[in-house]
Amino acid sequence: MFNRLKNRVLTVVGPDIPALPSSGTGSGGGSSSGHHHHGRGGDDHHKGSLPEKFRYARPQFLQLLTYDELKASADHNVRPIIVPRDISLLPWSTGYAECVNSGKSEWNEDQAAFHRQVLSHPSKQYHDLPYTYFGTYDGHAGYGAALAASNQFHHILHEKLVDIIDLLMPRVESDDPVAIGPGVGLSAILPHPILFHKQVSKDELIVGALEAAFADMDAVLAEDRDKYRNAGGCTALVALFILGKLFVANAGDSRGVLCKRVHRKRAPNLRPPSFHEEGMNGDATGTAGPEEEDDEYLVYAEPCSFDHTPETERPRLLSVGKLNPNLMGGEYVAMEYAKKPMTKDLGTRILYRQGTMKGWTYKTLTRADLKMPIVTGEGKRSRLLGTIGVTRGFGDHDLKALGSGLPIKPFLSCHPDVVCFDLAAVETDPDADNVDGEYGVLVMATDGLWDVTYSQKVANTVFTTLKKFPTERHRYTMAAQELVAKSRGRANINGHWRLSDSRAAATVDDISVIVIPVHQYYLEYLEWKRSLQKPKPAPITTPLVIEPAPISAEEAISSERLSSSSESEAAPEQEAATPVEDVKQ
């Protein structure tokens, strides 16, 4: 099954663009700074000689097809903000903007993709089910993994959704019992849900499809590592619009937030999260700049994902090390200490916790406790085995810990966290023109944005920009561009990038932002739902024509004789009737 799926996705090819020059920082190269630090095994030379599965390209909806355009988009001195030339290529006037890093890698290692698909059951006994998918992938140690995911993940997800269409959609009414084969009824296609041992909801089926697609995408990269130069790894943030709901799946430190704007009278107890609360999701520290105040409406950001870093996943990582001590190779310890243990503290008591412990307890410090902990540092500077700053995503199958050379992949996970939003449950005010605020505007962005800003500030920027462009179709593109511009900042005379509203350092990482008006999808979904309720056209009836049965030659001769005798007998009767008619006249 998996090999069949893999063969299908292998047929996908990248845009027909000139091959890019190979270099140390191409598909196999990595950044020397930032929150991803990679060590590789001794087979780097062999990996470098392998072909690339996909040629480097930017998202297809940007229409950067020539080498000169790609090279200009990767200018580290200018860092141009790239937006789609034709916004009609994206559904619902969705906005997109991106910006290359300031020089830590040769090419932009972020990738983005979207696809609009229709699920169709082979038996034609189910209605077609449309859905839309968006994905953003933040690559590290090369663009290979992110580029592969942007070209292949939607194929894997589509197969997973096709597998469950029987349970997602009602069967089409049919009066023809032989429509699906003689002697086969509709109930024979799938066991009735009453036969299941557990109740399974449609939401759980879709969540399962996303989780399985993430696992298969990681498995494809694992199989390809000896065939193609898909170096490094990537985070994955996916949004799936289906059946009037929004599903957001995340593995890594990219982030999705649903920016909302509601009337204060309708949400008296709602308040924007404080800065300390924002920091719980790995946001930058500092104070927010002045934002435009609106006495009538309240703007807030509803989180759609949570960062997966060594700090936020410390309990899981410590549990992996505790249950599998061989993975640490005698070089690390699966504990967290209240203070850094020193040699002079040997024999004294020290506060520690391990595994999934939430509290602290004492232990006597031994020499084994002086080894490096699995997780070091805090916040964005936290590291797993002193090497990598993100703990979920795709790839990184050849990643080795710096110094020890131990494999890190056993500690990493491709399993996503999935959240669901039921758009039918949104409360709306028909008298207020505030659909974007009520249904929300989904912002999906890589960590290049979140390194220097936080969710509430992003929500304020989105609605401030939309207010400036109330009717323009490109208003969501302008919002995406504004978010990228604020995080990129400006270069000073020394060439250092600084935020425009402060002297703080701007992000040096790649930035990719998608801004999606959720209400536009919901309108599309309601129209599709109405199409299912339209009465079926009356069947066209044709007159029944009975063809005479074929007869033999002997039967034909006898019938002619019978016909001639009948005519001779009828002649006298007609002659006898003639006088009667004359009399009546």
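How many bridges pair β4 with strand β15 (residues 394-395), and in which sense? In this predicted model, β4 and β15 pair in the antiparallel sense, over two bridges.

Strand β4, which spans residues 233-242, is mostly covered, with ten of its ten residues buried. The cover extends to both faces of the strand. Another cysteine, Cys420, counts as partly exposed because its relative accessibility is 33%. A search of the whole structure for disulfides finds zero.

Strand β4 also pairs with β3 and β5. Strand β3 (residues 129-140) is joined to β4 by ten bridges in the antiparallel sense, and the β4 partner of Gly135 is Val238. Strand β5 (residues 245-251) runs antiparallel to β4, with seven bridges between them. Here Val238 stands opposite Ala249 of β5. The hairpin formed by β4 and β5 has two residues between the strands, and Leu243 takes a positive phi near 55° in this hairpin.

Strand β6 (residues 255-263) is largely enclosed by the rest of the structure, because eight of its nine residues are buried. Five bridges connect β6 with strand β17 (residues 441-445) in an antiparallel arrangement, and Arg255 lies opposite Ala445 of β17. With strand β7 (residues 297-303), β6 forms seven bridges, and this pairing is also antiparallel. Arg261 is found opposite Val299 of β7. The charged end of Arg261 is placed over the ring of Tyr297, at 3.9 Å from the ring centre.

Three further strands form an open sheet in the order β9-β10-β11, with antiparallel pairing. The edges are held by β9 (336-337) and β11 (361-364), each of which has a single partner strand, so one side of each is left without a neighbour in the sheet. Strand β10 (residues 349-353) is joined to β11 by four bridges and runs antiparallel to β11. Ile350 has Lys363 of β11 as its bridge partner. Lys363 also lies over the face of Tyr352, with a distance of 5.7 Å from the ring centre.

Aromatic pairs number 18 in the structure. In one of them, Phe61 and Tyr96, the ring centres are 5.0 Å apart and the planes stand at 85°, so the pair is edge-to-face. This pair links distant parts of the chain, with Phe61 in the loop between α2 (44-48) and α3 (67-73) and Tyr96 in strand β1 (residues 95-99), 35 residues apart. Both Phe61 and Tyr96 are buried. Ring pairs also gather residues into a cluster, which takes in Phe61, Trp92, Tyr96, Phe114, Phe134, Phe241, Tyr439, Tyr521, Tyr522, Tyr525 and Trp528.

Salt bridges number 23 in a search of the whole structure. One of them joins Arg116 to Glu524, with the closest N and O atoms 2.8 Å apart. Arg116 belongs to strand β2 (residues 110-119) and Glu524 to helix α13 (residues 518-532), 408 residues apart, and the pair links distant parts of the chain. Arg116 counts as partly exposed at 41% relative accessibility, and Glu524 likewise counts as partly exposed at 32%.

Asp451 and Lys380 form a salt bridge through their side chains, at 3.3 Å from N to O. The two lie in distant parts of the chain, 71 residues apart: Asp451 in the loop between α10 (447-450) and α11 (455-468), and Lys380 in the loop between β13 (375-376) and β14 (383-384). Asp451 is partly exposed, with a relative accessible area of 25%, and Lys380 counts as partly exposed at 29%.

A salt bridge also connects the side chains of Arg392 and Asp417, at 3.5 Å from N to O. Arg392 sits in the loop between β14 and β15, and Asp417 in strand β16 (residues 417-422), 25 residues apart. Arg392 counts as buried at 13% relative accessibility, whereas Asp417 is partly exposed, with a relative accessible area of 33%. Through shared partners, salt bridges join Glu313, Arg316, Arg392 and Asp417 into one network.

Terms used
Residues numbered from 1 in each chain as written. Predicted model: local features only at pLDDT ≥ 70, side-chain atom pairs only at ≥ 80, totals over all residues. Heavy atoms only, no water. Phe/Tyr/Trp six-rings, centres within 6.5 Å; stacked < 30°, edge-to-face > 60°. Buried < 20%, exposed > 50% of the residue type's maximum accessible area, 1.4 Å probe, protein only. Lys NZ or Arg CZ within 6 Å of the ring centre and 35° of its normal. Pairing = 2+ DSSP bridges. Disulfide = S-S within 2.5 Å. Salt bridge = Lys/Arg side-chain N within 4 Å of Asp/Glu carboxyl O.
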